[in-house]
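Please look at the sequence and the model first, and then we shall go through them together.

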Amino acid sequence: MMTTTNTTVFKRMGRILSLVFSDYNEARAFREAFLRLMIYAVLFIIGYRLNLVFDNVPDGRIFDGYAMAALFCGLKVLSSFMNNMICIGGCLTMLIFMIIKLAVSMAIGLIALPICVSINMYRLIKCGIAIVDYNNET
């Protein structure tokens, strides 16, 4: 009895994993949302541990973690708008362009991070339910 139950559980897990790591639209959206949420979490932890900017502020570690995750989120949002922008000039021009882009992406990321996290959580739940429902049908 125990081996049959374990075998059934492993077969179901195998089916779900094969659906999640396949090329279905739901599986791709699930992987993308999960990966972005993991990146936000890892960057928050790195910023929290390093505590570079807000060292003297009482809750400065939380601000540092949020700023690190917001920078990545802002770069993703900003790169989706100006991905193919060409900047003609020398090294100094590119350096100034990158500094401005980082500053603007930080400002965008501070506002966009909660929105991006909630959208990715919604996609993760929605696509996860779709994958599990599809697996239960077969």
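Predicted model: local features only at pLDDT ≥ 70, side-chain atom pairs only at ≥ 80, totals over all residues.

**A helical chain and its side-chain pairs**

Arg 36 and Glu 32 are four residues apart in helix H2, so about one helical turn separates them. Helices here are DSSP runs of H or I with at least four residues, strands are runs of E with at least two, and both are numbered from the N terminus. The side chains of Arg 36 and Glu 32 meet in a salt bridge, at 3.9 Å from N to O. The term salt bridge requires a side-chain nitrogen of Lys or Arg within 4 Å of a carboxyl oxygen of Asp or Glu. By this rule the count comes to one salt bridge.

Residues are numbered from 1 along each chain as its sequence is written, and side-chain values use heavy atoms, with hydrogens and water left out.

The scale calls a residue buried under 20% relative accessible area, exposed over 50%, and partly exposed in between, using a 1.4 Å probe and protein chains only.

Let us step back to the whole chain. Of the 138 residues in the chain, 23% are buried. The accessible surface comes to about 9900 Å², and carbon and sulfur atoms hold 70% of that. Such areas come from the Shrake-Rupley method with a 1.4 Å probe, and for residues only the protein chains shown count as cover.

We turn now to the aromatic rings. A pair of aromatic rings is described by the distance of the centres and the angle of the planes. Rings of Phe, Tyr and Trp (its six-membered ring) pair if their centres lie within 6.5 Å; planes under 30 degrees apart count as stacked, over 60 as edge-to-face and the rest as tilted. How many aromatic pairs does the structure hold? The structure holds three aromatic pairs. One of them joins Phe 30 and Phe 34, stacked at 6.5 Å centre to centre with 0° between the planes. Phe 44 and Tyr 48 are stacked too, because their ring centres are 6.3 Å apart and their planes stand at 20°. Phe 30 and Phe 34 both lie in helix H2, which covers residues 25–50, four residues apart, or about one turn of the helix. The spacing of Phe 44 and Tyr 48, also in helix H2, is likewise four residues.

Next, the surface. Val 42, Ile 46, Leu 50, Leu 52, Val 53, Phe 54, Val 57 and Phe 63 form a nonpolar patch with about 720 Å² of accessible area together. Patches are made of residues with over 30% relative accessible area and no salt bridge; like charges are joined within 9 Å, and nonpolar side chains (Val, Leu, Ile, Met, Phe, Trp, Tyr) within 5 Å. Helix H2 gives the largest share of this patch, three residues.

Finally, contacts between parts of the chain, where contact means heavy atoms within 4.5 Å. Asn 120 is found in helix H4. Is Asn 120 buried or exposed? Asn 120 is buried, because its relative accessible area is 3%. Not counting residues up to four places away in sequence, Asn 120 touches Ala 33, Arg 36, Leu 37 and Tyr 40. Val 117 lies in helix H4 as well, residues 91–137. With the same exclusion of residues up to four places away in sequence, Val 117 touches Leu 37 and Tyr 40. Val 117 and Leu 37 are 80 residues apart along the chain, yet their C-alpha atoms are separated by 6.8 Å.
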